[in-house]
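Here is a short briefing to read alongside the model. Keep the viewer open and follow the residue numbers as you go.

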Amino acid sequence: MEGSAAHRERPAADSVFVRACRGRTVPHTPVWFMRQAGRSLPEYRKVRAGIPMLEACRRPDLVAEITLQPVRRHGVDAAILFSDIVVPVAAAGVDLDIEPGTGPVVAEPIRTEADLDRLRPLTPPDVSFVDEAVRLLVAELGAIPLIGFAGAPFTLASYLIEGGPSRTHAKTKAMMYGAPELWHALCGRLADITLEFLRVQVAAGVSAVQLFDSWAGALSDADYRRFVLPHSAHVLGGLAGAGVPRIHFGVGTAQLLTAMGEAGADVVGVDWRTPLDTASALVGPDRSVQGNLDPSVLFAPWAVVEREVRRVLAEGRAAPGHVFNLGHGVLPETDPEVLTRVVALVHEASAR
Ligand SMILES: Cc1c2[nH]c(c1CCC(=O)O)Cc1[nH]c(c(CCC(=O)O)c1C)Cc1[nH]c(c(CCC(=O)O)c1C)Cc1[nH]c(c(C)c1CCC(=O)O)C2
């Protein structure tokens, strides 16, 4: 049987979630939510009180507790490691913080060749806290899969170059178009850091990985293929023999879905703007899709939520495998009871 070694080491290797990622038959469509651990949960706000985000990410006991909270509450089919995309770059020497309500803020943005020296290669001891947290979680979760993740080079580069969140990514694009050698040198370093970070998580036992290229939708297909795809392909290709499915996700990426699949994904994550049957035609018959309920729909009356969940399930049937998710992360104001109801509805409406 394919993947039998992975199966022995990873009790969740034959889970409904991993099977759907691989396009195999499943008893029901699996479901999890990006940002399922976080501010929508009162139990999260309680354990996080007074503890800065990056510090929480570095405490394995806290990481394990926060990761498990949505699994206990909602009965989702997968857990996602509680961390952040900037954790490995902080561990690789960049002075940054995660500010509530804003996101990552970099003390001294990276804009010149000399600045690159502040980004050294990542070694496993730099992120031993992640190794420890994953091991604790895999033991606790048993047959429930744990998803590891990292930020993709473009999205990480945007934070490092802009110094924080950006609507236009103007400084990022200025480097990409104006100093392509520096751009490729920066993305090359970020790709190495990201790959090492994901390898640590795979070695510690995660059952799948998701590469978040949240802001890649700001690019045309031609520029994505020229400036970004080779670096993301280095990360995803480096995990080709790891025995775990690779999910590749971005927001506003209708024009990039084919390329994001070609970068080396087993599953392409889709936001709510593109129907899953359209997305599946773009990524082809060898890849599954993940998504794509609009997170804002969760604020509508239940009858609307139900109709939209059923529509997403119906459109997802066009793909060889479908992992139900939102089109982007859970918004902090979301009523967690609605999320629990969505999980039950997905399971019931997709049962076969
Ligand atoms: C772009 C990005 C970031 N971080 C991440 C991305 C890619 C996914 C996406 O597109 O949303 C990835 C991420 N960040 C977090 C997770 C946890 C796992 C999960 O449940 O999905 C994941 C997968 C926790 C977090 N990361 C962050 C929080 C909130 C911090 C808090 O609770 O104080 C959480 C739970 C902080 C963060 N970190 C970042 C942002 C934009 C923010 C939000 C700022 C805010 O609104 O407060 C950068």
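The notes below cover confidence, the ligand shell, the record's annotations, the sheet, and some backbone details.

This is a predicted model, in which local features need pLDDT of at least 70 and side-chain atom pairs count only at pLDDT 80 or more, while totals for chains, interfaces and linings use all residues. Residues are numbered from 1 along each chain as its sequence is written.

**Confidence**
- The chain has an average pLDDT of 96, and 97% of the residues score at least 70; pLDDT is the predictor's confidence in each residue, from 0 to 100.
- The scores for the model are ipTM 0.93 and pTM 0.96.
- Where pLDDT is low, the predicted coordinates should not be read in detail.

**Around the ligand**
- There are 22 residues around the ligand, and Ala 37, Gly 38, Gly 103, Phe 212 and Ser 214 come nearest; a residue counts as near if its C-beta atom, placed from the backbone, lies within 6 Å.
- This shell is made up of eleven nonpolar, seven polar and four charged residues, where Ala, Val, Leu, Ile, Met, Phe, Trp, Tyr, Cys and Pro count as nonpolar, Asp, Glu, Lys and Arg as charged, and the others, Gly among them, as polar.

**What the record says**
- An unreviewed UniProt entry gives "binding site" for Arg 35, Gln 36, Ala 37, Gly 38, Arg 39, Asp 84, Tyr 159, Ser 214 and His 328.
- These positions spread over 294 residues of sequence and are also spread in space, up to 22.8 Å between C-alpha atoms.
- UniProt (unreviewed entry) also places "domain: Uroporphyrinogen decarboxylase (URO-D)" at residues 30-39 and 147-163; such annotations may be inferred rather than shown by experiment.
- Residues 30-39 are 0% helix and 0% strand, with end C-alpha atoms 23 Å apart.
- Residues 147-163 are 59% helix and 29% strand, and their end C-alpha atoms lie 28 Å apart.
- Tyr 159 sits in helix H8 (residues 153-162); helices (H or I, at least four residues) and strands (E, at least two) are DSSP runs, numbered from the N terminus.

**The parallel sheet**
- Seven strands make an open sheet with parallel pairing, in the order E1-E4-E5-E6-E7-E8-E9; two strands pair if DSSP finds at least two bridges between them.
- Its edge strands, E1 (79-80) and E9 (322-326), each pair on one side only.
- Five bridges link strand E4 (residues 146-151) to strand E5 (residues 208-212) in the parallel sense, and Ile 147 has Ala 208 in E5 as its bridge partner.

**The hairpin**
- Strand E2 (residues 96-99) pairs with strand E3 (residues 103-106) in the antiparallel sense over four bridges, with Asp 97 opposite Val 105 in E3.
- Three residues lie between the strands of this hairpin, where Gly 101 takes a positive phi near 80 degrees.

**Backbone details**
- Gly 291 and Asn 292 are joined by a cis peptide bond, with omega about -10 degrees; Asn 292 belongs to strand E8 (residues 288-293).
- Arg 35 is not a glycine, yet has a positive phi of about 60 degrees; Arg 35 lies in the loop between helix H2 (16-21) and helix H3 (42-48).
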